[in-house]
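Colleague: I am new to this structure and would like to learn how to read it. Could you take me through some of its features?

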Amino acid sequence: MNLEAWVPRALITGITGQDGAYLAEFLLGKGYEVWGMARRSSTGGLHLDRLEWLGVLDRVNIVEGDIADMSSIMRIISECQPHEVYNLAAQSFVATSWQQPHLTADVTGVGVLNVLEALRILKSEARFYQASSSEMFGLIQHQEQSETTPFYPRSPYAVAKLYGHWITVNYRESFGMHASSGILFNHESPLRGEEFVTRKVTAGVAKIKLGLEKEIRLGNIHAKRDWGHARDYVRAMWLMLQQETADDYVVATGRTWTVEHMLNIAFDHAGLKVADHLVIDPALFRPAEVDVLLGKPDKAIANLGWEPTISLEAMICEMVDADIARLKRRMRA
């Protein structure tokens, strides 16, 4: 008797974002059936351009839902019966969280509870991944941040992420759920939104290179971040859910660079000089700045066998090239 091969199913909330798109691509490569929850916008539809960019849109099952609406989450879980759930949906831009703190709390914080509670009520055995953030460390208490470093969030976004992180721990301990959190440090790619500083820089450099702009405006260029590539980081997400026991992991490169250093890589790659085009705009400084973030990924390296493979320089050069290519296509259209 021939038995049909077992195919794992994964549900990704926030599949239309940078991480969701790369995770979908990665899981498809592992033979998964991939479902993605996406929220429809009245003006912009489902925003599927990242999945199109990676060439995987026609291979995923897109279902409409909202992380703030538990009934839609329950409907989708009941329909697709996932073996793994990756919660990547969030209002994920720190600056916006100051302008829309209630929305950020509902989506980035309580949204995590909605998914966990839906899984609990439906008695799902799915393993759960929560996208936590290095922003939770905020006003850093240790030079390097590990899983045991105290949190000190410095924005409404970070506070909301901290709620999502601890409710994941709580459901794991209270209900025995296989629920893990990845405390991911900054991770970028050509699919990053232009509101984030790395993509703002690479898109700005591309516009200057092609004569479409003359300057780029930034705030605190002395802030330091631990930057990795999203392709590396989604692999860590998957590895967490393959472990026998759920746990929390810092995912980072273990190296920190200033925004200024990242800026120099981008301009140098395009054959431009920073001094000719950079404008420091005081309006772009945050109300409460996080000056330095530096992850200590020892636990992920030891327990998951994970390590980053793409350097900051390679990543920024890839992003600049991608932005130049995008603009050239638009100019020809």
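This is a predicted model: local features need pLDDT of at least 70, side-chain atom pairs count only at pLDDT 80 or more; totals for chains, interfaces and linings use all residues.

Colleague: Where should I start with the strands, and which strands pair with β2?

Modeller: In a regular strand the side chains alternate between the two faces of the sheet. Here, β2 covers residues 33-38 and is joined by five bridges to strand β1 (residues 9-13), the two running parallel. Arginine 9 stands opposite glutamate 33 in this pairing. Between β1 and β2 the chain passes through helix α1 (residues 18-29), in a right-handed β-α-β crossover. Strand β3 (residues 61-64) also runs parallel to β2, through four bridges. One of the facing pairs there is glycine 36 with isoleucine 62.

Colleague: Is β2 largely enclosed or open?

Modeller: Buried means under 20% relative accessible area. Five of the six residues of β2 are buried, so this strand is largely enclosed by the rest of the structure. For contrast, take glutamate 173 in helix α6 (residues 156-175): its relative accessible area is 63%, so glutamate 173 is exposed.

Colleague: How many salt bridges does the structure hold?

Modeller: Side chains of opposite charge can pair when their charged atoms come close. The structure holds twelve salt bridges. In one of them, arginine 172 meets aspartate 248, with the closest N and O atoms 3.0 Å apart. This pair links distant parts of the chain, helix α6 and strand β11 (residues 248-251), 76 residues apart. Arginine 172 is buried at 15%, and aspartate 248 is buried at 10%.

Colleague: Which parts of the chain does the salt bridge between aspartate 247 and lysine 299 link?

Modeller: The N to O distance in that salt bridge is 3.0 Å. Aspartate 247 is in the loop between α8 (230-241) and β11, while lysine 299 is in helix α10 (residues 298-304), 52 residues apart. Aspartate 247 is partly exposed, at 26%, and lysine 299 is partly exposed, at 23%.

Colleague: What lines the largest cavity?

Modeller: The count comes to one cavity of 30 Å³ or more, and the volume of the largest is about 50 Å³. Its lining has six charged, two nonpolar and no polar residues. Helix α11 (312-332) gives the largest share, four residues. Among the lining residues are Glu194, Lys207 and Asp323.

Colleague: Which residues are linked in a network of salt bridges?

Modeller: The network links Glu194, Arg199, Lys207, Asp323 and Arg326. Within this group, lysine 207 and glutamate 194 meet at 3.8 Å, N to O. Lysine 207 lies in helix α7 and glutamate 194 in the loop between β7 (187-188) and α7, so the pair ties together parts 13 residues apart in sequence.

Technical notes
Residues are numbered from 1 along each chain as its sequence is written. Side-chain values use heavy atoms; hydrogens and water are left out. Buried means under 20% relative accessible area, exposed over 50%, partly exposed in between (1.4 Å probe, protein chains only). Two strands pair if DSSP finds at least two bridges between them. A crossover is right-handed if, with the strands pointing away from the viewer, the path from the first strand over the helix to the second runs clockwise. On a 1 Å grid over the protein atoms alone, a cavity is a set of points where a 1.4 Å probe fits but cannot get out, and a pocket is an open set with protein on both sides within 12 Å along at least five of seven lines; lining residues have an atom within 4 Å of a point. Grid points are joined across faces, edges and corners, and a volume is the space filled by probe spheres set on the points. Ala, Val, Leu, Ile, Met, Phe, Trp, Tyr, Cys and Pro count as nonpolar, Asp, Glu, Lys and Arg as charged, and the others, Gly among them, as polar. A salt bridge is a side-chain nitrogen of Lys or Arg within 4 Å of a carboxyl oxygen of Asp or Glu.
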